[in-house]
Each structure stands twice: as structure tokens, then as C-alpha cells.
Amino acid sequence: MADDPKKIVVLGCTGSIGDTCFKVLENLGNGYEIVGLAGGSKVEKLIARARCWQPQKICVIDTEARKWVQSAIPQVEVVCGAEGLCELATMPEADLVLNGLVGAVGLAPTLAALAQGKTVAMANKEPLVMAGGLILQQAERGGGAVLPLDSEPNAIWQCLKGEGRKSLKRIILTASGGPFWGRSREQMRDITPEQAIDHPTWKMGPKISVDSATLMNKGFEVIEAAWLFGLAVEQVDVVVHRQSVVHALVEFVDGSLLAHMGKTDMMLPIQYALTHPERREVHLDNLDLNQVGQLSFAAPDRANFPCLDLCYEAGRSGGTFPAVLNAANEEAVRAFLARKIGFLAIADLNRDVLAHCGTQEAVSLESILDEDRCARRLAREWVAGRAG
């Protein structure tokens with residue numbers, strides 16, 4: 001008798017992670033069933049995806065989109081907003097919730113899924129940045145599990161297979177450096193949103209691309225990795241590796257280093273999260289080391305990319321400081337993409353808001369969201385002051 005298919009909910013199904021997820025599922029063929037889909041503003045794309053994969057339930061961004069989707073697909077239940085995301089994340093049928101959302105919106109459905117004992121494959125790093133301790137606590141209480149889906153933590157996870165955590169000394173995350181690596185602060189003063197989202201190696205959404213350009217994304221990965229693998233942030237280092245072939249390294253107490261290498265394609269970590277502990281063939285060209293030729297590593301430029309050190313500062317401070325930094329950064333990037341502030345102002349805004357919020361303990365979702373709201377209010381006032 002054939003095994004029952006693994007039933008999956010995909011949150012953020014119309015973004016770059018969602019696109020790659022469905023490429024992986026097409027590659028894998030039978031054995032997987034989509035029971036829930038959530039999408040944002042790309043409603044027509046969501047409708048097309050739902051017609052193809054025939055989920056039981058769909059979540060959209062608001063009531064207007066709900067009417068649109070319900071009219072197009074009347075046989076499927078359609079919910080909306082934050083409550084709808086939590087409803088999808090806790091569907092009794094779901095075996096795995098793939099969180100491909102962007103930003104803080106992914107926190108509540110992650111906690112809800114883990115409370116119901118679900119396995120959550122996390123490409124959405126912001127919830128772990130905001131509330132890593134709360135998420136791990138919820139997973140332990142509810143019997144759920146968190147699987148790292150993003151390239152770097154997924155690589156660490158693979159390197160640590162079969163290794164005792166007591167033997168782990170530190171983690172080394174690699175960063176491409178983004179599109180502005182090697183530029184001075186003065187040379188980055190007039191950077192446009194179009195330039196910032198033009199990443200040299202990874203194809204990502206606008207917000208994550210800007211975070212990569214400022215090194216904020218790598219700083220968030222430091223906090224994320226510290227939570228996932230039980231380390232202090234000082235045990236997570238960052239090196240710039242322009243070729244993006246080595247995705248992460250782990251160093252053990254005896255000085256040995258293990259590196260995870262592979263093609264620069266999110267199909268690989270997503271497929272491993274879906275199929276582990278097995279590995280399945282994927283239709284990508286092999287990594288040709290002769291063509292790569294050389295691997296280079298360099299220390300990050302902390303002076304011209306100060307967002308990285310802001311993340312270390314927030315991670316060391318603990319409590320709600322990481323949630324504050326995440327909220328401030330979301331508002332800063334939104335303002336930059338809307339051309340309300342300049343590229344360099346992103347770090348300035350983040351630093352100023354971090355200095356005025358973050359005093360609470362991250363003991364509950366309410367305390368975290370309270371600080372999130374405070375940080376967003378201050379960030380918007382900061383932007384408005386610049387515009388005035």
C-alpha cells in the first residue's frame with residue numbers, strides 16, 4: 001500500500017520562495033498534496049496557483065481580495081488577514097507548514113502551527129529574530145518542530161547531521177556582500193531602490209534584496225542561527241564570500257571545519273527540507289568546481305555596512321531588542337523603496353529606534369508585539385521628520 005501523501009500548507013505562495021517551492025514539488029512528483037495556500041497582493045497569480053494545485057483553503061490579504069478569489073474559485077474556502085494565516089497554519093490535515101512570508105506577519109502563524117504540533121519549514125527568518133525563545137518553547141510544548149529552509153541555516157543543519165552539539169564551537173555564515181560590496185559610504189549615498197534590489201547572485205523579493213544590500217539580512221541570520229543551534233551570537237561569525245558557493249561552515253572543538261557547498265539555487269534547501277532524511281535527485285546542473293576556479297573569503301566591512309553590528313548588538317541585548325530592530329528595519333526598507341529616505345538612512349533609522357525601544361522581556365507574544373508597535377511608530381515619525 002502506498003504511503004499517504006505529505007500534506008502541505010504554503011504561506012507566501014506567490015513570492016520567490018513560493019515559486020521555488022512549486023518548482024521543487026513539480027520535480028518531486030507524487031507524494032505531496034497542497035491543502036492550503038496563502039498569498040499577498042498578487043491575487044491573479046494566487047488564483048492560477050490554486051487552480052493548479054487545488055487546495056482546500058486559501059488565505060488572502062483582505063476582504064476585497066477575498067471576494068475576488070471566492071468569485072473565481074467558488075468551491076474553495078477563502079479566509080483573509082492575520083487570522084486567516086493562523087487558520088491555515090493550524091489546518092488539522094496539514095503535516096508541514098512552509099512559511100515563505102516576509103517580515104513580522106509570519107510570527108503569529110508560526111506560533112499557532114507549533115502549538116498544534118506541526119512541522120514548520122522556515123524561510124521567514126523574522127519570527128526567529130523577533131521571538132526565537134518563544135518559538136522554540138512553543139515547539140517543545142506543542143510537539144512541533146522547526147526546519148530551517150533558508151540557504152545558510154539549512155546548510156548548517158546538514159553539516160551538523162550526526163554530530164553532537166557539545167562538539168560545536170562556532171558557525172560561520174557566508175555573505176555574498178550584496179551589490180555594493182567594496183563601495184565607500186560616500187559612493188552609496190545616492191543608491192536607488194532599483195540598484196539595491198539587483199542582487200548579484202540570488203533572485204529574491206525587494207525587501208530581502210535590500211536587506212542583503214545593507215547586510216541586515218546576514219545580521220538577522222546571525223540571530224536566527226544562534227537560536228536554532230543553541231549558541232551565543234558571538235559564536236556565529238560572518239565572512240564575505242562573493243562566489244556564493246559555500247553556504248555555511250561549522251567549526252568543531254577540535255578545530256575541524258565542515259563546509260556545505262552547492263549551486264546557488266533555493267531548490268536545494270527547500271527540497272532537502274521536504275524530503276529529509278532522504279535525498280532526492282534534483283534537475284539542476286552539477287556544481288563545476290573547475291568553472292568556479294577559486295573561492296575567496298573576506299571580513300565584512302562593518303564601518304560602511306553598520307546594520308550587521310546592529311544585529312549583533314540586538315542579539316547580545318536579548319529581550320525585545322531584536323523585535324524592535326526588525327520592526328524598525330521593515331519600516332526603513334518600506335520608506336526607502338518608496339523613495340522617502342535614502343539608502344544610508346536605513347541604518348541611521350534602525351540605530352535611532354533601537355536606542356529608544358526594547359526594554360521589555362520577550363516573555364509573550366503580547367510583549368513582543370507591543371515593542372513592535374512602539375518601534376514602528378518611532379520609525380514612521382523618524383521618516384516623517386526627514387520628509388518634513
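Modeller: Happy to. A nonpolar core here is a set of buried Ala, Val, Leu, Ile, Met, Phe, Trp, Tyr and Cys residues joined through side-chain atoms within 4.5 Å; buried means under 20% relative accessible area, exposed over 50%, and partly exposed in between (1.4 Å probe, protein chains only). The model is predicted, so local features need pLDDT of at least 70 and side-chain atom pairs pLDDT 80 or more, while totals for chains, interfaces and linings use all residues. Residues are numbered from 1 along each chain as its sequence is written, and side-chain values use heavy atoms, without hydrogens or water.

The largest nonpolar core has 126 residues, and Val10, Ile156, Ile171, Leu274, Ile341, Phe343 and Leu349 touch the most other members. Helix H14 (residues 321–337) gives the most to this core, with nine residues; helices (H or I, at least four residues) and strands (E, at least two) are DSSP runs numbered from the N terminus. Beyond its neighbours within four places in sequence, valine 10 is in contact (heavy atoms within 4.5 Å) with Cys21, Phe22, Ile34, Gly36, Leu37, Ala38 and Leu98.

S8 (residues 168–175) runs parallel to S9, joined by five bridges, and threonine 174 stands opposite valine 239 in S9.

H6 (residues 126–142) and H10 (residues 216–229) pack at about 5°, with axes 9 Å apart; axes are lines fitted to C-alpha atoms, for helices over the stretch in contact, and angles run from 0 to 180 degrees between N-to-C directions. H6 and H10 are therefore roughly parallel, a term for angles under 35 degrees. Leu128, Val129, Gly132, Gly133 and Leu136 of H6 meet Phe220, Ile223, Glu224, Trp227 and Leu228 of H10.

Finally, leucine 295 sits in the loop between H12 (289–292) and H13 (307–317). Leucine 295 is partly exposed, at 35% relative accessible area. Not counting residues up to four places away in sequence, leucine 295 touches His241, Gln243, Val245, Val246 and Met261.

Notes: Two strands pair if DSSP finds at least two bridges between them. Angles under 35 degrees count as roughly parallel, over 145 as roughly antiparallel, 65 to 115 as roughly perpendicular and the rest as oblique.
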